[in-house]
Amino acid sequence: ITVFYGFYDDCPQVISVRFRFVFYAAGWVSVMSVAFASLEIDSSSNNDVARDLARSPLFAMRHIALRTCEAATKVFTWVLYCLVLRPLLGKFFSSQVIVAILMLCFFIAVVLLYSLVILVCSRVPGLPKESISAAVILSVLNLAVNPMTFLFDNVWYREAARKIVSIFRLLRVLEMVGVAALVWVTWKVQRGCTVPGTIGKDIASQGSLLFQLVFCLWAEVLVSVTTTRLCGGSLRFSSRNHATGIPFMPGSGARWDVQGVPEMSMGTYLMFRGSSRSGILARFVPMNPVVPDFFVVEKLLGQGGYGVVVKVRQEGGGGQKPKFFALKLQHTGSNRERDRDSRAGLRSPRELAMREREVYRTIWEQMDPETGRLGHPFIVRLVCYSDWPREKKLFYESNNQPVQFYKNEGHGGGVKAVNGFDTALLMEFCEQGSLETYVPLHMRRSEHDRDKESNIQWLYRARLFIGEILIALDFLHNTKSVIYRDLKPDNVFVAQDQNGNPHVKLGDFGFSKVVTAMDQPVSVAGSPYFCAPEILVMHRENRTADTDWTLDTYSLGMLIFVLFYGAKYEKSRDRWAMAHQLRVEPLPKALHELALQPRCPQSVVSLVENSIKRKPKDRPSVADMKNSPLFGELELEDQTKLPHFPWTKLRGAKF
């Protein structure tokens with residue numbers, strides 16, 4: 001369309017007027033093809049755009065309209081330049097070949113200017129040197145559309161992209177101002193060919209061309225402003241977020257590294273994402289196929305003494321649905337802090353973090369000889385772990401606030417906010433949360449006490465959860481020689497199977513320990529209300545002592561009581577509170593009251609009473625608890641029966 005307007009529009013003897021609509025149609029088809037090509041780059045380099053395109057046909061139409069109008073506006077601008085330059089140069093050079101060469105030099109100069117901008121602005125510390133061939137290809141594409149528009153949210157390239165896009169937008173304004181100035185300057189300049197008239201006035205009389213230019217310009221602005229996602233694209237001058245993305249580089253095992261700098265330049269990255277590595281562009285642009293998996297921080301899930309757990313999103317490529325994980329970020333302190341804890345006889349956060357990691361690795365990297373698989377269906381899956389010698393700071397995607405937690409300095413040091421992390425565990429995300437949030441929503445007292453179906457459902461669900469916890473503890477104790485030591489609702493997570501049925505998984509192994517003949521559990525571990533009496537004595541007297549596997553069965557007995565007690569509405573605080581929050585102890589009176597509930601058979605009360613004996617030798621083992629009548633065939637008061645607990649089926653389950 002540029003060639004047509006620049007060389008033939010004022011020469012009707014070359015092309016008949018009645019055939020010119022063919023050139024108009026071919027020109028617009030070409031413009032739309034450029035728009036679709038840029039759409040491929042946009043969706044490949046920005047996963048949000050790819051998902052929106054796949055999810056919403058309306059968004060896809062608006063995105064295509066945006067890119068089409070952007071390309072058309074640029075093309076019509078170049079058409080105006082051709083309409084001015086061709087007759088203007090014709091006044092000085094009689095040869096049309098020389099005029100054509102000079103006009104071609106003009107466009108080459110524009111491409112070189114664009115390339116220079118890309119090469120200079122890409123010189124950001126930590127980024128590889130930009131490829132000249134990639135810069136030239138992107139500059140040619142920028143004659144129609146800006147290919148860097150949707151790189152603002154990329155962790156590595158956003159700074160360079162922001163500079164380049166800002167300069168390109170400024171140049172675009174200058175290009176339109178420049179062509180307007182040329183039209184004004186040549187308003188009374190006579191044309192240099194056989195067609196009479198002045199250059200400026202003749203261009204002003206091109207009503208169809210000017211109408212299309214103005215229409216496409218305003219359409220581009222309108223589509224951008226009226227579509228939120230696109231307003232965050234072509235009209236945005238700054239990145240939406242800080243360093244919310246975590247570029248994990250998968251390794252051969254569970255250890256993943258976080259890539260500090262990219263292995264390819266920004267232009268090469270766009271070529272890599274927007275084209276086939278075996279295509280023609282690969283012959284001109286050296287491409288490295290290693291691209292890390294980015295994880296974006298969405299929200300806080302929990303906070304501990306030396307770190308936080310946040311929900312992260314893994315961007316799915318090609319419009320695929322994102323995946324969600326729980327990322328445990330840990331601050332293990334400086335060497336001086338570790339030495340201070342060691343002198344005080346305390347376990348440092350570093351020691352606790354490494355112990356938790358080793359427990360997870362024992363579970364998820366060593367083959368189970370009984371089942372021939374890695375891990376366990378009722379233990380939260382470890383995806384990877386990572387060390388960051390240089391502490392990393394992350395930001396929430398929604399509000400740009402730093403991910404942080406509050407650490408008690410002790411020794412009169414007060415409380416300080418910590419937002420630097422040096423170790424991380426990436427784990428399975430359980431969408432239903434923990435039992436701490438699940439029970440108040442689904443196991444409420446008074447609402448279901450007299451409802452037969454609700455009581456049966458309550459008993460079935462509680463028995464299922466307890467059985468799955470016993471399967472996990474049996475695996476830990478007898479297969480991995482791991483003692484858990486912190487069983488409580490906060491550490492039992494609820495996940496759904498493919499049919500939407502809830503199941504539980506143990507997580508947070510911060511107090512867990514691999515027990516060996518030379519390394520026995522002797523330290524204080526656990527949480528108030530759920531920990532065994534001997535732990536409370538050790539804590540009160542500030543000493544260590546021998547403990548055994550029944551620490552877990554005691555905590556499980558307390559958890560069973562909490563599950564069957566349910567959540568009671570606390571009017572003073574307007575909340576549904578559980579037994580440990582209300583400080584309801586499983587004393588004989590509370591157990592007797594619980595036994596009167598239709599959902600609670602006598603076998604539950606007996607199991608709780610036996611599990612919470614004060615002396616460890618009087619408590620049952622995990623195997624003993626599995627043989628409780630609770631897991632046999634249960635016959636309820638209304639003759640309803642629950643079948644035997646499916647131990648074998650669940651032991652080989654996959655969730």
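What percentage of the 655 residues of the protein chain count as buried? The figure is 52%, where buried means under 20% relative accessible area, exposed means over 50%, and partly exposed lies in between, with a 1.4 Å probe and protein chains only.

Colleagues, the model on the screen is predicted: local features need pLDDT of at least 70, side-chain atom pairs count only at pLDDT 80 or more, and totals for chains, interfaces and linings use all residues. Residues are numbered from 1 along each chain as its sequence is written, and side-chain values use heavy atoms, with hydrogens and water left out.

I begin with the chain as a whole. The protein chain holds 23 helices and 17 strands; these are DSSP runs, helices being H or I of at least four residues and strands being E of at least two, numbered from the N terminus. Its accessible surface comes to about 31,300 Å², and carbon and sulfur atoms account for 58% of that. These areas come from the Shrake-Rupley method with a 1.4 Å probe, and for residues only the protein chains shown count as cover. As for contacts, meaning heavy atoms within 4.5 Å, consider those between residues at least 6 apart in sequence: 68% of them join residues at least 24 apart.

Next, the helical part. An unreviewed UniProt entry carries the annotation "transmembrane region" for residues 21-39, 64-85, 97-120, 132-152 and 164-187. UniProt positions are given in the numbering used here, feature names are shortened, and annotations may be inferred rather than shown by experiment. In the model, residues 21-39 are 100% helix and 0% strand, with end C-alpha atoms 27 Å apart. Residues 97-120 are likewise 100% helix and 0% strand, and their end C-alpha atoms lie 34 Å apart.

Helix H5 covers residues 96-121 and includes Ser115. Ser115 is buried, at a relative accessible area of 5%. Leaving aside neighbours within four places in sequence, Ser115 is in contact with Ala135, Val136 and Ser139. Turning to helix H6, residues 132-141, we find Ala134, Ala135, Leu138 and Ser139 buried. These residues lie on the same side of H6, because they cover an arc of only 135 degrees around the axis; the arc is that of the directions from the helix axis to the C-beta atoms.

Which residues of H9 are buried? They are Leu209, Gln212, Leu213, Cys216, Ala219, Glu220, Val223 and Ser224. Their arc around the axis is only 140 degrees, so they sit on the same side of H9. On the other side of H9, Phe211, Trp218 and Leu222 are exposed. For Leu222 the relative accessible area is 53%. The C-alpha atoms of Leu222 and Leu66 are separated by 9.0 Å, although these residues are 156 apart along the chain.

I now move to the strands. Lys328 is listed by UniProt, in an unreviewed entry, under "binding site". Lys328 belongs to strand E5, residues 323-330, and is buried, with a relative accessible area of 12%. Its side chain and that of Glu356 are joined by a polar contact of 2.9 Å. A polar contact is a pair of N or O atoms within 3.5 Å; within protein, one must be able to donate a hydrogen and the other to accept it, and residues adjacent in sequence count only if both atoms are side-chain atoms. Not counting residues up to four places away in sequence, Lys328 touches several others, among them Val308, Thr423, Met427 and Asp508.

Strand E9, residues 421-428, contains Leu426, which is buried at 0% relative accessibility. Beyond four places in sequence, the residues that Leu426 touches include Phe248, Trp256, Phe325 and Arg381.

Finally, two backbone angles. Most residues other than glycine have a negative phi. Arg485, however, has a positive phi near 70 degrees. Arg485 is in the loop between strands E10 (482-483) and E11 (492-496), and is buried at 3%. Tyr529 also has a positive phi, near 80 degrees. Tyr529 occupies the loop between strand E13 (513-514) and helix H17 (533-541), and counts as buried at 8% relative accessibility.
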